[in-house]
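Student: I am new to this model and would like to walk through it with you. Could we take it one question at a time?

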Amino acid sequence: MEILKFSEEHLAFEKRLEAFIDFEVIPNIQKWEKDKIVPKSVWRQLGENGFLCPNLPKKYGGTGGDFLHSVLVAKQLARSNFNGLATFIHSDIVVPYIEAYGTEKQLNKYLPGCVTGDIITAVGMTEPDSGSDLASMNTTAVEDGDSFVINGTKTFISNGVNCDLVVLAAINPEGDNPHKAVSLFLVEDGTKGFTKGKPLEKMGWKSQDTAELFFSDCRIPKENLLGSQGNGFKMLMAKLQQERLICSVSAMYFCENMLKWTVEYLKNKGALNSQVARFALSEMGTEITVGNVYMEKLVEEHMKKESIIVETSMGKYFTTDLVKRISLRCLELIGDFGSLEECPVARTFRDSRITSIFAGTNEIMKEIIAKFSYS
Amino acid sequence: MELNLTRSQKEIQKAATTFAKGEFDKDLALNLDKKGRFPEEIWKKAAELGLVGIHIDGDKELSLVDSVIVAQSLCAVDSGIGSSILSTTSGAELLFMDGDENFRSKYLVPLLTGDKVCSFAYLESEKNLQSTNTRAYLQDGVVTLSGSKLYVVNAEIADYFIILCLISLKEEPSENLSLIVVDKNTDGINIRPLGEKLGFRMNPVANVDFSEAKIPAANILTFNCESKLKKYLAIDHILKASVAIGIAKGAFLRALEYTKLRKQFGTAIAGFQVTKHKIADMDTQIQTANLLTFQAAQNIENGNYDDLPSAQALLTASKAAVYVCDEAVQLMGGYGYMAEYDVERFYRDAKALEITYPSCSALKDIIANKVIGKIK
């Protein structure tokens, strides 16, 4: 039932990544989860090996791969059952804004560092009072001579502590229509007036340094405007397709891993003689197989540069809901052992619960689907 | 919806809620959950107020509804601290039902006064209690106990265990499923902690091994305990259901408050039709579970220990708790995922309650056996 065709080169890439995950990531997960952050040195190691931004062109230091490389990164990170090292937020969500909308100067300045891991990126959209309703944001950017002055607070920002560069959405307070007043800015770590909070305590993604970002009279040069002024909302919307797609890809690999682990566990316990267990596994296996075909089809269409906003929204809703349901159900089958953190599905349950909330809640996905399909 | 509570039950409800709101510090709860520590001081205060084992008041029958009310009230304010307080009397009803004056004064009273913690160690297989392999033999007034118990909640903080085991007498070769009280400082006990937990992190859990532990024969609580055990499990299911309902209520109230305050697209999100209907579903499930649980508790107060209503109450309540907490997290969005906003912890606790013994599958077996009866 596989749709995606991986080349020899893809498979060699995956094999190298697999070894990296086994030796450099998996042994350290517990420590990083306790520390609530993954050291920056790991990002640089990933960069050295070509695992960051794998589809950036060679002229910016990339390896010139395609989106299938990103799919394989998601697959291997899912195999590690670990969500702290959220490289896909950097490689497939934030850096594409720079690549798509940056000036040649910005591209040359930032992209090579994004590939090597010297520059870790984050995107600042969500605010304490502005989540699903992005247009209600309060972070302002005011022109002043040859700079913009930024004020406001962003929250739930992934890579928020580690980030060296933020793609920041801010609004022009003078603008009449908020949808036409949002612009994107590149804010470097260390800029005066830009400070970061501590990693937030969360249900899962324990070693992902999700944090608040504070901007207080933060002055950035005008050349750090990304794309054209007032076009921020459009740019964000345009790039959300890939963001949501990579969420689906990751969710499906987590589903597969959980089911595989649960089957093994039940088998070893001799619990497969339970008809209820067999039916539950069959139902989950069916849903995962159907979901995988859809996810792979989305990847294929996306790689053909098709606009698949509705289909991607459907995928994001379906797969992130599925990963949650699979985790809940596997835990039920596993029983008492599932109540211990030693059980890998316990972590997947905690980690996967955010996926139907971030990158656009599933409520927003349903509004998008309805708006484009049923109105 | 208000149930028909008696005046004294209403007073208990008020006292428990007032106590919990006054004592269950939010930062403390976050910290205890993070570090996996038991809320010792608050437990002692709860016992001083008479909230620990409130249904065991010396009368002939248990006033179980009182504990249903206390469990719900405490857990709604904080699922972790609330359930920890309730966990300290695990097995106490067995001491009440079968213990003579000696047992009661030595082992039951210290639980109610908050001086000691008891842990009922029964599980050896995750599936049922029928596979007990922990064995003991009685000789010259001493019981020698060997075997292992799994997932013993509070093993590390307990002062004594009630152990489900097979006891054989010298003169009687057949083995009796029995209960024996074992002090923790007895030689031959090895406690193996099971590490971090998904939920109920304030209550450490461990496997406990007994290797030729010597216990005075006077500590045998019940010979041939099968019918007593069944009664106990009916009580235990109702208390667990009450914890689940408390968790659900706590998450529900937090989400409800949030949706009324949180404004997006120019309106409180409680105004959206889908949010409204979610809230309707959440409240309906809580009320349904509540009714079943109260009815099951009243049955027991009337001396009817039928295990069908208690299993149905627990099945409904634990499913409701997972559902309600899951929706609470979703309604609260990113905040729902943050420890500071509590509901993620309630959700983990609800899920842990649902998957640990007795699992939904075990409860459905009890229910199905009763409903279907004998097949010709």
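Student: At what angle do helix 7 and helix 10 of chain A pack?

Tutor: In this predicted model, helix 7 of chain A covers residues 232-269 and helix 10 of chain A covers residues 344-352; helices (H or I, at least four residues) and strands (E, at least two) are DSSP runs, numbered from the N terminus. Axes are lines fitted to C-alpha atoms, for helices over the stretch in contact, and angles run from 0 to 180 degrees between N-to-C directions. The two axes are 10 Å apart, and the packing angle is about 155°. That makes helix 7 of chain A roughly antiparallel to helix 10 of chain A, a term for angles over 145 degrees, while under 35 is roughly parallel, 65 to 115 roughly perpendicular and the rest oblique.

Student: Before we go on, how are residues and chains labelled, and what does "predicted" imply here?

Tutor: Residues are numbered from 1 along each chain as its sequence is written, and chains are lettered from A and ligands numbered from 1 in the order in which they are written. As this is a predicted model, local features need pLDDT of at least 70 and side-chain atom pairs count only at pLDDT 80 or more, whereas totals for chains, interfaces and linings use all residues.

Student: Which residues of helix 10 of chain A does helix 7 of chain A meet?

Tutor: Two residues are in contact if their C-beta atoms, placed from the backbone, lie within 7 Å. From helix 7 of chain A come A:Ala251, A:Phe254, A:Met258, A:Trp261 and A:Thr262. On helix 10 of chain A they meet A:Pro344, A:Val345, A:Thr348 and A:Ser352.

Student: How many residues of that contact between helix 7 and helix 10 of chain A are nonpolar?

Tutor: Ala, Val, Leu, Ile, Met, Phe, Trp, Tyr, Cys and Pro count as nonpolar, Asp, Glu, Lys and Arg as charged, and the others, Gly among them, as polar. The contact of helix 7 with helix 10 of chain A has no charged residues, three polar ones and, as nonpolar, six.

Student: Helix 9 of chain A also packs on helix 10 of chain A. Is that crossing left-handed or right-handed?

Tutor: Helix 9 of chain A, residues 309-334, packs on helix 10 of chain A at about 150°, with axes 9 Å apart. The two are therefore roughly antiparallel to each other. A crossing is left-handed if the near helix is turned anticlockwise from the far one by less than a right angle, and right-handed if clockwise. For helix 9 and helix 10 of chain A, the crossing is left-handed.

Student: Which residue of chain A has a positive phi although it is not a glycine?

Tutor: Most residues other than glycine have a negative phi, and most peptide bonds are trans. The place to look is the loop between helix 10 and helix 11 (362-373) of chain A. There, with a phi of about 55°, sits A:Ala359.

Student: And which two residues does a cis peptide bond join in chain B?

Tutor: Look in the loop between helix 12 and helix 13 of chain B, where B:Pro358 is found. Omega is about -5° for the bond that joins B:Tyr357 and B:Pro358.

Student: How close do the axes of helix 4 and helix 8 of chain B come?

Tutor: Helix 4 of chain B spans residues 64-77 and helix 8 of chain B spans residues 226-261. Their crossing is right-handed. The axes cross at roughly 35° and come within 7 Å.

Student: Which helix of chain B gives the most to the side that touches chain A?

Tutor: In all, 29 residues of chain B are in contact with 26 residues of chain A. The elements giving two or more residues to that side of chain B are helix 10 (307-331), helix 11 (333-337), helix 12 (343-355) and helix 13 (360-372). With five residues, the one that gives the most is helix 12 of chain B.
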